[in-house]
Amino acid sequence: MNKSMTVQPPSPLRAFWLKWRFHINILLLLVPLGFMPKYFADAALFRGDSGLGEREVGEVQVGPWSLKLAELRNEPPRPDPAGPMKSFNAALCATCIDQVKATYLRIGKPRSLRAAGVIFFGTPYRMGAMLPIPERTPLDAEVWITMEGWDGAMHQASIPLSQASPATIDWLKKRGVKP
């Protein structure tokens, strides 16, 4: 008893795979290449090869000391469970590295050292801070930098938020904050 075998045609999915597998695999190799420039730009930014951030604010004099301030990214504040946050980087001047104990950043003038704001973390050559942006921040707000020395001295300076982060001002305008 010899039964004839009938060969079933492959399913449509199997036929598609057999016909296009080479092209699909090549596509899987090429797609990540499109993301490589951003990856290398971010790697250079985090290593410090391309400066402190995407937009450098410049040198800020705080009493006898100074620091270079930069926005990490030139974009609006990022959402966070604690509220909108903006990333800033800073580098102390070469002569004040041994004299400065801590550096703080805040929107609005601090009432005391206990309310000085967020502390910068990292090495004195590249410090970072995540600055919370309050919901009711006025467009003419100032960013205050407080530096505390090892000798107990405290110095403060401010720069307009519009100079520190124009992207944040645009974000506030879109949210309906009036001048």
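**Close-up views of a predicted model**

**View 1. E135 and R175 meet in a salt bridge.** The closest N and O atoms of E135 and R175 are 2.9 Å apart, a salt bridge being a side-chain nitrogen of Lys or Arg within 4 Å of a carboxyl oxygen of Asp or Glu. E135 lies in the loop between β7 (126–132) and β8 (142–149) and R175 in the segment after α4 (166–174), so the pair ties together parts that are 40 residues apart in sequence. Helices (H or I, at least four residues) and strands (E, at least two) are DSSP runs, numbered from the N terminus. E135 is partly exposed at 49% relative accessibility, and R175 is likewise partly exposed, at 45%; buried means under 20% relative accessible area, exposed over 50%, and partly exposed in between (1.4 Å probe, protein chains only). This is a predicted model, in which local features need pLDDT of at least 70 and side-chain atom pairs count only at pLDDT 80 or more, whereas totals for chains, interfaces and linings use all residues. Residues are numbered from 1 along each chain as its sequence is written, and side-chain values use heavy atoms, with hydrogens and water left out.

**View 2. E71 forms salt bridges with R55 and with K86.** The structure holds seven salt bridges, and in one of them the side chains of R55 and E71 come to 2.9 Å, N to O. R55 belongs to strand β1 (residues 55–62) and E71 to strand β2 (residues 65–71), so this pair ties together parts that are 16 residues apart in sequence. Both R55 and E71 are buried, the relative accessibility of E71 being 0%. In the salt bridge between K86 and E71, the closest N and O atoms are 2.8 Å apart. Because K86 lies in strand β3 and E71 in strand β2, the pair ties together parts that are 15 residues apart in sequence. The side chain of E71 also makes a polar contact of 2.7 Å with the side chain of S165. A polar contact is a pair of N or O atoms within 3.5 Å; within protein, one must be able to donate a hydrogen and the other to accept it, and residues adjacent in sequence count only if both atoms are side-chain atoms. Neighbours within four places in sequence aside, E71 is in contact (heavy atoms within 4.5 Å) with residues including G53, V57, F88, A164 and P166.

**View 3. K86 is a buried lysine of strand β3.** Strand β3 covers residues 85–92, and K86 has a relative accessibility of 2%. Besides the polar contact of 2.8 Å between the side chains of K86 and E71, a polar atom of the K86 side chain lies 2.9 Å from the backbone oxygen of R73. Not counting residues up to four places away in sequence, K86 touches E71, R73, E75, P76, P77, A129, M130, L131, I133, S165 and T168. R73 is also linked with K38, D42 and E54 in a network of salt bridges.

**View 4. Buried residues of α4 pack against β3 and α3.** The buried residues of α4 include A167, T168, I169, W171 and L172, and the elements they pack against are β3 and α3 (161–164). After α4 comes G176, which has a positive phi, near 95°.

**View 5. C93 and C96 are joined by a disulfide.** The S to S distance between C93 and C96 is 2.4 Å, a disulfide being a pair of cysteine sulfur atoms within 2.5 Å. By this rule the count is one disulfide. C93 is buried, with a relative accessible area of 16%, and C96 is buried as well, with 1%.

**View 6. Eight nonpolar side chains make a surface patch of about 850 Å².** The patch is made by F22, I26, L29, L30, L33, M36, Y39 and F40. The elements that give two or more residues to this patch are α1 (12–30) and α2 (36–47), and the largest share, four residues, comes from α1. Patches are made of residues with over 30% relative accessible area and no salt bridge, with like charges joined within 9 Å and nonpolar side chains (Val, Leu, Ile, Met, Phe, Trp, Tyr) within 5 Å. Accessible areas come from the Shrake-Rupley method with a 1.4 Å probe, and for residues only the protein chains shown count as cover. Y39 is in helix α2 and is exposed, with a relative accessible area of 52%.
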